Amino acid sequence: MRLHKSLFIFFTCCLGILPLFSQQTLDIDYYSPKEYEVGGITIVGADHLDHVAVIQEAGISVGDKITIPGDKTAAAIDKLWDQGIFDDVKIVVDKLVGRTIFLRYELVCKPRLTTYKFKGIGRAEETKIREKMKIGMGDVVTDNLKLNCLNVIHDFFVGRGFLDVSATIEEAKDTTTTRNDVNLTFIIDKGSKIRIKDIVIDGNEASDSINSNANFFKRIYNRLSGKRPMCDGNIRSTMKETKVYHWWRFWKGSRFVASDFEKDKQLIIDKYNNKGYRDATVTLDTMYNESVPKYWIGFWNKLWFVKNKTKQRLVLKLSVYEGQKYFFRNITWVGNTKYSSDELSKRLRIKKGDVYNKELLTTNMTYDPTGKDITSLYMDDGYLWFNVRPVEINIVGDSIDIEMRMYEGKQARIRRVGLEGNTVTNDYVVMRELRTLPGDMFSRDAVMRSIREIQQLSYFDNEKITPDIKDDQANGVVDIVYQVNEKSSSEFNISGGWGEGVGFMFTGGMSLTNFSARNLFKKDAWKPFPAGDGQRLGFQVSISSKYYRSLQFSFTEPWLGGRKPTSLTASIFYSYFSDAYFQKETYHLGVYGASVSLGKRLTQPDDYFTLVQGISFLQYDNSNYPSLTTANGRSNNLNYNVTLARNSVDQPIYPRTGSEFSAGLQLTFPYSLVNGKDYDKLWSEGNLSEIYNWIEYYKIRLKASWFFNLAGDLVVNARARFGFLGQYNSKVGYSPYERFYVGGDGLQNYGIDGRELIAMRGYASGVLSPDGGATVFDKFTLELRYPITLNPMASIYVLGFFEAGNSWADFKSFAPFQMNRSAGFGIRLFMPMFGLIGLDWGYGFDKIGGVVSGSHFSISLGQTMD
C-alpha cells in the first residue's frame, strides 16, 4: 500500500512539472536522476498560512541536496498531505540554473470555517450543542470535523429520548472574503421523543423471584417473611436510569440511552449476585417500537371534539438466566499472624449457611463505612500494604467454600505530610487540624478524620479534598499530601432604601472567616482584606434614621497562643429601638453589651467534644417599652454561660452522616437570695426598677441533630430542641428578658429585649408563645434533603419537612406532647459571599385563635431553621 502511494505521488510530481518544462529548456532527464541544490522555495495558494512553517513541515530547505526525481520530494508531498488541511499538493520546478533548482509549492487549502448555525432546534439546545462541538471560526473544515459534529448532535438528542434524530450539513462559500472560507448550516430533524412504554422481563422464575403475575398473597407473604423477590417490578426498580414512562414521575425522565442501559443490566446481575445467584446473567436484550394512541381534546365551532393520533413508544425485553442459589459454607484464613482466624471470622460477620452475597463479602472485607471491615482493622494499625483475596476453593451442590488469602506486610510510618492547592490559607492553619503527623503509624481512620477536619474549616471545596498517599514499601514509610481547592468563605451584605415615615434605611456587614490580624497593617496583604490565618472577624450595622439602629462587632482566634486548639471570642454590641416612625417617640429600648468566651476541644469521652465558657454583660435602657414589665430605667444582666457540645457531622454545608449535640447553661448570680431585700414590699410599692436593677435567672438549652444517608446524596435530618428559663426566687419571678418566642422564621422580630427566637415554619412569628414570651419550649423536626448542585460557588439543595413544637408560660403548664404541627418544603442556597439563604413554604395544621394557621412562607438568611 505504501509503495502504491509513493508511486502515485511520484507520477503526480512528474505530471505537475512536465507542463513547466515545455515552456522552457530544462536539462532534466527523468530516466537518469541527478542531484541538485535547492536555491529557493516559493509558496502559492496558502496566503493565510505561515510560509516558513509550511516549508519547515515539508522537510526541504534552501541549500539542501535533493535528487530529481527522488524520495525527498515525494516525502515532502506526503508530509504536507498528512497535515489534513490541503485538498491538493504539488511541487513543481520553478527555475533551473545549472545544478541549482528553484521549487514552487502549489497548494490548495481545505476551506476554513467562518460561522455555523442550526435549523430545527431551540436556542437552549443550540447552546448546549455548541458547548459540546467545540468548533469555532478558523477551524479547518474536514470530513472528520463534519462527522464529529454530526455524532455530537446524534448523541445529544438520543440521550434525551429522540431516537429517530437525523442531521445534515449544508456547506456554503463565504462570499464576504476572497479566501477559501465556508459557512456551515446544521439542519436537524429531532423527530418525536420516544419514551419507554414497558420493560418486559423473562426468566425470573426462581423460588424467591415471584413474578408480578403470581398470586398476590404469596408475594405479600414473601415480602413480610424477609424475602425480597426479584419480580418484574423489583428488577425495573433496580435499573437506575432506564425507566418506564409514567406521567406522575416528574423527577425522572423515561428515555433510552445505550450506555446507561448497559450499566442497568449490570445492576440487575449485581442484585441477583447479592441474593445468592452468582451465575445470573442477562442472556438476551432486544427492543422494538409500538404505536400507542394519543388523544387531543379541543373546542371548535361551539363543539367539543376528540382527535386521535398515534405516537411511538419503545418496548425493551430482557431475558434473565438466574441459575442456582448458593450459600456460604466454610470460610478459612491463610497468612494471618496478627489476628487469629476466629477474630477475623467474627469481624467478617458472615456465618456458615448464609446466602452467598458477593457485595456483603467485599464490604465486610475491604470497606465498611462504619469501620468494622477487615481492611480497616489492619490499616488503622499501620498495615498500609495489607491485602486479602477471597478464593472459591470448593463448590459442593449449592454450598461454596472460600479461602481468605492474606498478605499482612509490615507496618508503615508517616514520613512527610504536605498540602497542595491552598492559595490563600496558610499551611499551618490546615496542618494543625490534621490527625496524621510525621512519625505516627499510618491509619486510614486518621486520614479520613483529617479530611473531615479540613472540611469543617469551610475554606475549601468539600467535594475535592483528596489525600495523595505515596508509599515507599522498601523503607516502610508513606508520604501524605492533602490536595485542596480553595474557595471564598467570607460573607458580605449591603442593602439600603428609603420609606415614608421610616426614613433612610441601611444594612451592611461582613463575616471574614479566614482573617489575618497580624497582617492588618501590611499594605500588600489587603487582597481585598488580610487573609489566611483562620481568624474570624464579623461586623454588622443596621440603621434607620427614624426608629432603629444596631451595631455588632466580633473577633475569634481559634488557636489562642498557636499551640493548642483553645479559641477566644470577644464581641461588643449596641441596639436601639423606638416608635419614632409612627409619631414623636413615646417609648424606646436600648441595649449595650459585651462578651468574651474561651472554647476548648476535649479528648474525653472522645475528641468530637468541645467545652465553651464565657461571660457576658448587657445593660438595658428601657423607656415604656410595651412588651416589658420592667420600670423605666436601666437593668443589668451579668451572666456566665457554659456549653458542652459534640459535633461529628462529615461536612458543614451539606452533611450526610454524623450528629450534633449541645447542652448549654446560662446563669446569673442569685442576687435576691443574698441581698436581703423585702421583695413583697417592693412589689406592693411598684418599685420595679429596684426589683430588676440586676436581672437574675438560669437558662438551659438542649439541642440534638442526627444525619442519615439513605441512598446516594439523599439525607434524612432529625432534630430536637428544648429550652427552659428558670427563677431563683418566686418572689422575684421569671426574668422579663431572655424569654422564648416560637413561630415564624426568626427574622420578623429584632430580639432587642434578649428574646430567643425559635423558628417554626407554617406559623406566624411568635404566635406559639404566650404574651410576654415563654419560659419553656420544645420542638421536633424531620427533614428529607436532596442536593441539586454542590458546586462550591453555589450549593443548592431542596427539602421536605415535618415539624412539631410549642411553648408555655411556666414549667407547671409544660405539656411536652401538646404540639402544634406543620409540614412543607423548601430550598437552600449557599453562596460564599452571602452565606445560607433559605425559602420555605409550610402549612400549619393546628388552630391559632380558633383559626387553622394554614399556609405561610418563611425566609432564612445566614441561619438554619433549627
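These notebook entries record what I looked up in a predicted model of a protein chain.

**Entry 1. Ground rules**

I number residues from 1 along each chain as its sequence is written.

**Entry 2. Confidence**

I began with pLDDT, the predictor's confidence in each residue, from 0 to 100. The chain has a mean pLDDT of 84, and 87% of its residues reach 70 or more. I marked residues 1-25, where the pLDDT is below 50; this stretch has 24 contacts in the model beyond near neighbours in sequence. A contact means heavy atoms within 4.5 Å. I also marked residues 207-214, again with pLDDT below 50, and with 26 contacts beyond near neighbours in sequence.

**Entry 3. The whole chain**

I found 15 helices and 34 strands in the protein chain. Helices (H or I, at least four residues) and strands (E, at least two) are DSSP runs, numbered from the N terminus. Of the 866 residues, 43% are buried. Buried means under 20% relative accessible area, exposed over 50%, and partly exposed in between, with a 1.4 Å probe and protein chains only. Among contacts with a separation of 6 or more, 60% are between residues 24 or more positions apart.

**Entry 4. Nonpolar cores**

I then looked up the nonpolar cores, which are sets of buried Ala, Val, Leu, Ile, Met, Phe, Trp, Tyr and Cys residues joined through side-chain atoms within 4.5 Å. The largest has 25 residues, and Ile-60, Leu-80, Ile-101, Leu-103, Tyr-105 and Leu-107 have the most contacts inside it. At least two residues of this core come from each of β1 (34-44), α2 (51-58), β2 (65-68), α3 (71-82), β3 (86-97) and β4 (100-109). Another core, of 22 residues, lies apart from it and includes Leu-589, Leu-628, Ile-758 and Ala-774.

What does Leu-103 touch, leaving aside its neighbours within four places in sequence? I listed Gly-40, Ile-41, Thr-42, Ile-60, Ile-66, Ile-91, Val-92, Val-93 and Asp-94.

**Entry 5. Strand β2**

β2 pairs with β1 in the antiparallel sense over four bridges; strands pair if DSSP finds at least two bridges between them. Lys-65 in β2 is the bridge partner of Glu-37.

**Entry 6. Helix α5**

I checked the length of α5 (residues 143-158): at 1.5 Å a residue, its 16 residues should span 22 Å, and its end C-alpha atoms are 22 Å apart, which agrees. The expected span is 1.5 Å times one less than the number of residues. Leu-145, Cys-149, Ile-153, Phe-156, Phe-157 and Val-158 are buried in α5. Their cover includes β5 (112-119), α4 (123-133), β6 (166-173) and β7 (181-189).

I traced an open sheet of three strands in the order β14-β16-β15, with mixed pairing. β14 (413-420) and β15 (466-472) are at the edges with a single partner strand each, so one side of each has no neighbour in the sheet. Seven bridges join β15 to β16 (residues 477-483) in an antiparallel arrangement, with Asp-471 opposite Val-478. Helix α13 (residues 444-457) packs on this sheet, touching β15 and β16, and its direction makes about 20° with that of β16. Such angles run from 0 to 180 degrees between N-to-C directions, with axes fitted to C-alpha atoms, for helices over the stretch in contact.

Is α13 mostly covered or uncovered? I noted that α13 is mostly covered, as eleven of its 14 residues are buried. Among the buried residues are Arg-444, Arg-449, Arg-452 and Glu-453. Besides β15 and β16, their cover includes α11 (374-379), α12 (427-431), β19 (535-544) and β24 (633-647).

**Entry 7. Strands β27, β30 and β31**

β27 (residues 714-726) and β30 (residues 776-791) pair antiparallel over ten bridges, and Phe-724 has Val-776 as its bridge partner. β30 also runs antiparallel to β31 (residues 794-808), joined by 15 bridges. I located the hairpin that links β30 to β31 through two residues.

Notes
Predicted model: local features only at pLDDT ≥ 70, side-chain atom pairs only at ≥ 80, totals over all residues. Heavy atoms only, no water.
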